[in-house]
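Morning, everyone. Have the model open as we go.

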Amino acid sequence: MVGVPEEYLNGHAFHMYHLTSPYQTVSFEFQHNVCGRSIYVEDTVDATIFLAKKIQSGAKQRIYNMIDVLREGNMR
């Protein structure tokens with residue numbers, strides 16, 4: 001199984017990306033591996049806190065993404 005540690009078989013995200021140029025002369029590969037689900041829970045809490053602060057401050061913007069949360073710099 002793609003090197004996923006056994007204790008994380010029920011909760012992981014192992015992804016590999018492969019990009020190749022149109023003439024097949026250049027390729028680029030990268031991967032990210034996440035073991036467990038806690039990071040998703042933590043980020044959800046951080047995003048919720050971010051949105052609550054925006055609402056409390058009366059922010060006019062209504063749509064945000066995770067980049068906005070990261071740029072704010074208040075991740076726990």
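Start with the strands. β1 and β2 pair in the antiparallel sense, over nine bridges. Keep in mind that this is a predicted model. Where does the pairing put Thr20? Opposite Ser27 in β2. Between the strands of this hairpin there are six residues. Look at Gln24 there: its phi is positive, near 60°.

Now the rings. How many aromatic pairs are there? The count comes to three. Take Tyr17 and Phe30. Their rings are stacked, with 4.9 Å centre to centre and 25° between the planes. The call is stacked because planes under 30 degrees apart count as such. Where do the two residues sit? Tyr17 is in strand β1, residues 12-20, and Phe30 is in strand β2, residues 27-35. The pair therefore ties together parts that are 13 residues apart in sequence.

Ring pairs link Tyr17 and Phe30 with Phe28.

Next pair: Phe50 and Tyr64. The geometry is edge-to-face. Centre to centre we have 5.1 Å, and the planes make 85°. Over 60 degrees counts as edge-to-face, so the label follows. What does this pair tie together? Phe50 belongs to helix α1, residues 38-56, while Tyr64 is in the loop between α1 and α2, the latter being residues 66-72. So parts 14 residues apart in sequence are joined by this pair. And Phe50 itself? Buried, with a relative accessible area of 6%. The limit for buried is under 20%, so Phe50 qualifies.

Last stop, Lys54. You will find Lys54 in helix α1. Its relative accessible area is 21%, which makes Lys54 partly exposed. Which residues does Lys54 touch, leaving aside neighbours within four places in sequence? Ala59, Tyr64 and Glu72.

One distance to finish. Go back to Gln24, in the hairpin of β1 and β2. Lys54 and Gln24 are 30 residues apart along the chain. Their C-alpha atoms are separated by 47 Å.

That's the tour. Over to you for questions.

Methods:
Residues numbered from 1 in each chain as written. Predicted model: local features only at pLDDT ≥ 70, side-chain atom pairs only at ≥ 80, totals over all residues. Heavy atoms only, no water. Phe/Tyr/Trp six-rings, centres within 6.5 Å; stacked < 30°, edge-to-face > 60°. Helix = DSSP H or I, 4+ residues; strand = E, 2+ residues; numbered from the N terminus. Buried < 20%, exposed > 50% of the residue type's maximum accessible area, 1.4 Å probe, protein only. Contact = heavy atoms within 4.5 Å. Pairing = 2+ DSSP bridges.
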